[in-house]
Amino acid sequence: TTKPKVERETLTVVPKALDQLREIKGHVCVVSIAGPCRKGKSYILSKAFEKELVFPLGHLLDQETMGIWLWVVPEKFKDSTGREFTVVLMDSEGIDAVSSKQSDDYRIFTLLVLLSSIMIYNSTGVPQRSDLEGMDFIVKLPQRIQLHTKQQPTDDQHFYEAFPYFVWLLRDVVLNLPTVYKTIKDYFIKNLFNCKAEGNTEKARKIAESILKYFSGFDAFSLPPPAYDEEVVTNLNDEKFKSQIHPEFLKQTEDFKAVLHSKLSPKKSINKGEFVTGEALAALIELFVEALNTPGAVPNVQNAWDTFVQTKCNDVLADALKAYEQEMTSFVEKKIPCEADLLQSAHKNAMEKCLEMFRNGTLSFSIKSVDKYLKELTDKTDSIMTSWLDKNRRETETFCTQLIKELKQDILDPVLARLRSQEGSKMQFGDIVAAYNEIQQKYSSNARGAKNVKASVFMNFHPELQKDMQQNIHLLQLMKDFDKTLAEEKAAKAALEEKKQKIKEEKARCEKENRDKEREMEVLRQKQQEEKAGLQELFEKNLKDQREQLTNMMEANFEEQRKDR
């Protein structure tokens, strides 16, 4: 983003940022930072990931960061199960900046809450209750965010299922904590957030309750000043001043980095067992920004995720179908008419390819989300396969009908013509049988296509043969070796062969259906195993965060809210 010279009316998504997100393969963890302006947010977010000058640092009274800046950490991270994910950093403009309106602060903070896995709230010094009272934008989050498609009265009681882990980072802390508090987090929970503490106001109590109630977890950390020399402070990334940075600041920055990295995990979606990818994050940004820019609209987490899932699954389905069609076309188009086994083999290979494509494209979604699209994929590939089989049958029939016609004209018709000529008296019935056998042999060698159709065409040749024999019966009966039943036996044998091939064809069709169903079930089984592992990890992490947050609520004397959660 840049500093605008005119008043900002809407949030605008930068296409280049979305393109960077879409290039990310796999899951993402979004770490954002918010808080008052000119408090070193950009510096600490860069240092937490060992990067120099990722975000621009300002040294003037006016803020440097406008809107939200994004940076993708190039190194991959792994969760406890070994699953890789990419960290995306989001640096936001300061709250209460001179150049921004309050509505901008609300929209930007709301957007960060919607997108983040971990949100760092950065401020200076040890906060007092008066500082807490200034954070009423957290209390108003239920007015600015809907969790489910249908707004429910208890919606905000489930915010923690979708909201980030909240880390409060205190900067330039020089005073020691009272000895009754072991850590800075202890100070927050037992003093600042304690609803029964002396001097607590209703407004401060409500904000403390909202932080513990809405966010999935809470932690706090403090850092001393990096230096007392203003020139050093304003040039922290300059090599010639690095030796003058306080060692304790560097040490505690490393400690903060370790704590932050221990909390990194893929961002989960509103649907259990589903995680946010780079592509999903880009889509959610567009959907949430559109809602935030629309007067009267409120971003809806469930609706936005469902929209992305539906769009993505339809795109994956279309790509998988296209891959199937291309594979089938390239393999069989020039081979038709061919045996059905060849089509079945091509179908098997094409299905394996398109199912693998579908599985990879929907890896981050649960079975519940993809089941209907998988069924649609198998139904449509079945329909395409049926079209190929129909085309193969038609072309087989056309080819074989023409072949039998030509064989009859070339082999049998000349024999029948001789029968009706003066030479007929010299012929034997065996000459006609020999012609028939030659037709049968050459038809068997040269006929192409589906076996059942080939058998059917050959069987349909016999009524015509019998018609020819009936027309010449008076001549045939004069032959000593004439056997009237032989033609009938040949016809019966051809009919039996057709029936046999039809049974084989039906058996092959049933086997194909079973194989397709088994492949579909295998995709679901693989997804089930992946989902089970993901859900187990998610359950353990959520349980840990829940226990910590319930302990925080208990120590802060929010007993009623603890019971609700």
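Of the 565 residues of the chain, 49% count as buried (under 20% relative accessible area with a 1.4 Å probe, protein chains only; exposed is over 50%, and partly exposed lies in between). The model is predicted, so local features need pLDDT of at least 70 and side-chain atom pairs count only at pLDDT 80 or more, while totals for chains, interfaces and linings use all residues. Residues are numbered from 1 along each chain as its sequence is written, and side-chain values use heavy atoms, with hydrogens and water left out.

The chain has 20 helices and six strands. These are DSSP runs numbered from the N terminus: helices are H or I with at least four residues, strands are E with at least two.

Strand 4 spans residues 118-124, and six of its seven residues are buried. Strand 4 pairs with two other strands; pairing requires at least two bridges found by DSSP. Strand 1 (residues 27-34) runs parallel to strand 4 and is joined to strand 4 by four bridges. Here Val31 stands opposite Ile118. Strand 5 (residues 165-171) is also parallel to strand 4, with seven bridges. Ser123 has Leu170 of strand 5 as its bridge partner.

The largest nonpolar core holds 95 residues. Such a core is a set of buried Ala, Val, Leu, Ile, Met, Phe, Trp, Tyr and Cys residues joined through side-chain atoms within 4.5 Å. Met135, Phe166, Trp168, Phe188, Phe193, Phe218 and Leu281 touch the most other members. Helix 13 gives the largest share of this core, 13 residues. A second, separate core has 26 residues, including Val31, Ile33, Phe85 and Val87. Beyond four places in sequence, the contacts of Phe193 include Trp168, Phe188 and Phe218. Ala556 and Phe558 are also among them.

Five cavities of 30 Å³ or more are found in the whole structure. A cavity is a set of points, on a 1 Å grid over the protein atoms alone, where a 1.4 Å probe fits but cannot get out; lining residues have an atom within 4 Å of a point. Points are joined across faces, edges and corners, and a volume is the space filled by probe spheres set on the points. The second largest cavity has a volume of about 120 Å³. Its lining has nine nonpolar, one polar and two charged residues (nonpolar: Ala, Val, Leu, Ile, Met, Phe, Trp, Tyr, Cys and Pro; charged: Asp, Glu, Lys and Arg; polar: the others, Gly among them). Helix 12 (278-293) and helix 13 (301-332) each supply at least two lining residues. Phe163, Lys267, Lys268 and Trp305 are among the residues of this lining.

Phe163 sits in the loop between helix 6 (141-144) and strand 5. Phe163 counts as buried because its relative accessibility is 3%. Ser116 is 47 residues from Phe163 in sequence, yet their C-alpha atoms are 7.5 Å apart. Beyond four places in sequence, Phe163 is in contact with Val113, Leu141, Ile145, Tyr214, Phe215 and Ser216.

Two backbone features remain. Most residues other than glycine have a negative phi, and most peptide bonds are trans. Asp172, not a glycine, has a positive phi of about 55°. Asp172 lies in the loop between strand 5 and helix 7 (184-192), and counts as partly exposed because its relative accessibility is 35%. Ile336 and Pro337 are joined by a cis peptide bond, with omega about 0°. Pro337 is in the loop between helix 13 and helix 14 (340-361).

Technical notes
1 Å grid on protein atoms, 1.4 Å probe; cavity = no way out; pocket = protein on both sides within 12 Å on 5 of 7 lines; lining within 4 Å. Contact = heavy atoms within 4.5 Å.
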